[in-house]
Amino acid sequence: MATFLTADRLLKALRDEGLKVVEHRSWRTNNRNHKGPIGSMHGVMIHHTVTSGTMSSVELCYNGHSKLPGPLCHGVIAKDGTVYLVGHGRANHAGLGDDDVLRAVIAERELPPDNEANTDGNRHFYGFEAINLGDGKDPWPEAQLLAIERAAAAVCRAHGWNERSVIGHLEWQPGKIDPRGFTMDSMRSRIGKRLGGPPKPKPAPKPKPAKPRPMPTYEPFPGAAFFKSGRNSAVITAMGKRLVAEGCGRYSVGPGPRWSEADRKSYAAWQRKLGYTGKDADGIPGKTSWGRLKVPNT
C-alpha cells in the first residue's frame, strides 16, 4: 500500500528531480479530505486546465469554482515549467473512472479502453494540471513538457513506480480529452527514460597536484688529491656505482668505499669514453670528467 506523501516529502521529491516549485498559499492544508478518504495511492494523473494565465490558473486550481470546489489538483504546471503546489490530500481532479484502468495502473501494464465511470479516482491518484487551453492550438513549450515529465517521475520515484503508473485524464474517464496536444504514450516514454536511465556519473575527483620531484644533487668535485691509495669514503662507493652504470666498471668485487686500482682503471675507462687519451685518461678524476659523471650525494 502506497501512502500519500507528506507535504515535505512531496516538496523534496519534486525539487530533487530538478523542478522549480512554488508553495502557493496554504496548500499543505488545502484538501477535500472531509468528503472522503485519501486511500492507497496508485498513480499520477495529468490534466490540462482549459485556461490561460499563470496566476489566474493557479488561483482557480487552488479555490475551484461554484460547481467544483478546490483544490482541483495537487500541482499546477506553468508554461515556463514552474510547479505551483495548491493542494495536499484529496483533490477534485480525477472524478469517477474505469476500475479496469485502475487495476492496470496498479499492475503497471498496458491500459484497457476506459468505458466505465464506476471508481473514485480522487482517492488513488496524484493530479497535475498543466496550463493549456486544450484547443489543440495552444502550444506546449518544451520547458512545460519537461516539467510534466519531471513531476510525474518524482512521484513515481518516491513510491518505486514505473512510467505505467502515469496516465492522462482521457485514459481514466470516458469523454475526457485532456491532456490534448501530446500523447500520453510519448510522455510515458520520456518518464521511463528518466526513471530507468543510468544514473549520472559522479564527477571525478580532482587529481591532487603532484608533489614536485626534488632536483637531484650531486657530489661536488673533491679535488684530485682526494683520490689516493687508502682513501676510504662513501663518495668512492657512489662514484664506482656510477662507473658501473656507465659501462666503465672494472671491478671483480665491489665497488667499495676504499680507493683502489680497480677504481682507477674504471675511472680511466670513463675518461676514455669521454674522449680523453694519454695522461688525460690516467684514472685520476678531474673536475670536468667528474661533473659529467654526476655522482649523487651520499
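Tutor: Gly 75 is buried, with a relative accessible area of 0%, where buried means under 20% relative accessible area, exposed over 50% and partly exposed in between, with a 1.4 Å probe and protein chains only. This is a predicted model, in which local features need pLDDT of at least 70, side-chain atom pairs count only at pLDDT 80 or more, and totals for chains, interfaces and linings use all residues. Residues are numbered from 1 along each chain as its sequence is written, and side-chain values use heavy atoms, with hydrogens and water left out.

Student: Where does Gly 75 lie, and which residues does Gly 75 touch?

Tutor: Gly 75 lies in strand S5, residues 75-77; helices (H or I, at least four residues) and strands (E, at least two) are DSSP runs, numbered from the N terminus. Not counting residues up to four places away in sequence, Gly 75 touches Tyr 84, Leu 85, Val 86, Gly 127, Phe 128 and Glu 129, contact meaning heavy atoms within 4.5 Å.

Student: Which way does phi go at Arg 25, positive or negative?

Tutor: Arg 25 has a positive phi of about 45 degrees although it is not a glycine. Most residues other than glycine have a negative phi, and most peptide bonds are trans. Arg 25 is in the loop between strand S1 (21-23) and strand S2 (43-48) and is partly exposed, at a relative accessible area of 49%. Val 50 also has a positive phi, near 60 degrees, and is exposed, with a relative accessible area of 52%.

Student: Changing topic, how many helices and strands does the chain have?

Tutor: The protein chain has 8 helices and 10 strands. Its radius of gyration, taken over C-alpha atoms, is 41 Å, well over the 19 Å that the globule rule gives for 298 residues, so the chain is more spread out than a compact globule; that rule is 2.2 Å times the number of residues to the power 0.38. The C-alpha atoms fill a box of roughly 120 × 35 × 35 Å, taken along the principal axes.
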